[in-house]
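Please read the following briefing alongside the sequence and the coordinates.

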Amino acid sequence: MATKKAIHDFYQMKKTKEKVTWLTSYDFPTAQFAEEAGLDMILVGDSLGMCVYGYKSTVPVTMDQCIVHCDAVRRGAPNTFVIGDMPFMSYQASDTDAVLNAGRFLKEADVDAVKLEGGTRVASRIRAIVDAGILVVGHIGLTPQSSGILGGHKAQGRTADAAALVVEDALAVEKAGAQMLLVEAVPPEVCAHIAGILSIPVYSIGAGVDCDGQLLIVSDLIGQFQAFTPKFVKKYCDVATIITDAMKAYCTDVRTGSFPEDKHCYHMLEGEEEKFAAQMKARAAKDKDS
Ligand code: KIV
C-alpha cells in the first residue's frame, strides 16, 4: 500500500515535474477504487449536488451533505489526501463563517484540506482559514458556484484582458496563503503561464496539460453523469450502459424464472426437509380439526 502523501510531497512533485493525479469521489466504494488505483488526491466536490443528488447546480448543496460524503470518502480512502469542497454560502458571508465551516471539515470528516472558489474577492477568506491552521486549495477560472455572474458554465480568460484577470486571481490566491490552486476551464496557455509564475502547485480541470496535475469529475470519467459532458472530459468507460444492461438482464431473468438458480439458494440442512414436511402436515391436520 502506498504511503499517504502530504502537502510537502505535492511541492516536491511540482519541483520534479511529476504530475499529480486527482479525481472527485463522493462515496465509500468509489473512494476505495480511487485509493486502489493509486490516485494522489481526492476532491469531495460540491459537484455531488449534480452527480449524486440530481440538483441542477451546486448551489443547493449544504455543509451537512458535504460532511457526510467526506466522512464516507475518508473511510474508503484512509491513505489518500482528501480535500473537502466548501459549498455555496459556507464562506461567502464572512471570514468567521469560512473558518468555522472549514474547521467542520477537519473535525467531523478528517479531511486534509478544503477548497473554495474565487480569487481576489475571497482573499481574506483564504487568509482567515490558513491562519486557523487549515490547508487551502484555491479554485479560479470557471467557478460553478458563481456561474450566474460569469454568464453560465463558460470557459474563462479567452481574451488578453480576461486572461490578465485570471492571472490576478491566481496571484491573489497564492498571496493569501493557499497551498495549491485549481484552474478550471481556462485556455492552456494561460494556465501554463500561471503554473510557471506561482510557487504553489497549479492543477487543471479543463485548462490544459502544462501545469502540475489534473483533476476530473469521477462521474464524467466513468460515464455515470448523464446530463451533459464538458469538452474537457475524457470518458474512460461507460458505466451507465454497463449498469443499465445488467439491470435489464436481471429483469429478463426474473420475469422468465431463470433467476434465482439452485446455486443461489440456501437449502435446508440434511434430514430437515422431511421433518419440516411432517410438521406442516401435522399442523394442517390440527387446523382442520379445530
Ligand atoms: O465540485 C467539484 O467537483 C469542483 C470541480 C468542478 C472542480 O469544484
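Pro 260 lies in the loop that runs between helix H11 (239–256) and helix H12 (272–289), where helices (H or I, at least four residues) and strands (E, at least two) are DSSP runs numbered from the N terminus. This is a predicted model, in which local features need pLDDT of at least 70 and side-chain atom pairs count only at pLDDT 80 or more, while totals for chains, interfaces and linings use all residues. Residues are numbered from 1 along each chain as its sequence is written, and side-chain values use heavy atoms, with hydrogens and water left out.

**Backbone**
- The peptide bond that leads from Phe 259 into Pro 260 is cis, with omega near 0 degrees.
- Lys 17, although not a glycine, has a positive phi of about 60 degrees, and Lys 17 is found in the loop between helix H1 (7–15) and strand S1 (20–24).

**Overall form**
- The secondary structure of the protein comes to 12 helices and eight strands.
- The protein is more spread out than a compact globule, because its radius of gyration is 25 Å, well over the 19 Å that the globule rule gives for 290 residues; the radius is taken over C-alpha atoms, and the rule is 2.2 Å times the number of residues to the power 0.38.
- Along the principal axes, the C-alpha atoms fill a box of roughly 90 × 40 × 35 Å.

**Ligand**
- Ligand oxygen atoms make polar contacts (pairs of N or O atoms within 3.5 Å) with side-chain N or O atoms of Ser 47 at 2.5 Å, of Lys 115 at 2.9 Å and of Asp 85 at 3.0 Å.
- Taken alone, the ligand exposes 260 Å², of which the protein buries 97%, with areas from the Shrake-Rupley method and a 1.4 Å probe.

Definitions and conventions. Polar contact = N/O pair within 3.5 Å; in protein donor to acceptor, adjacent residues only side chain to side chain.
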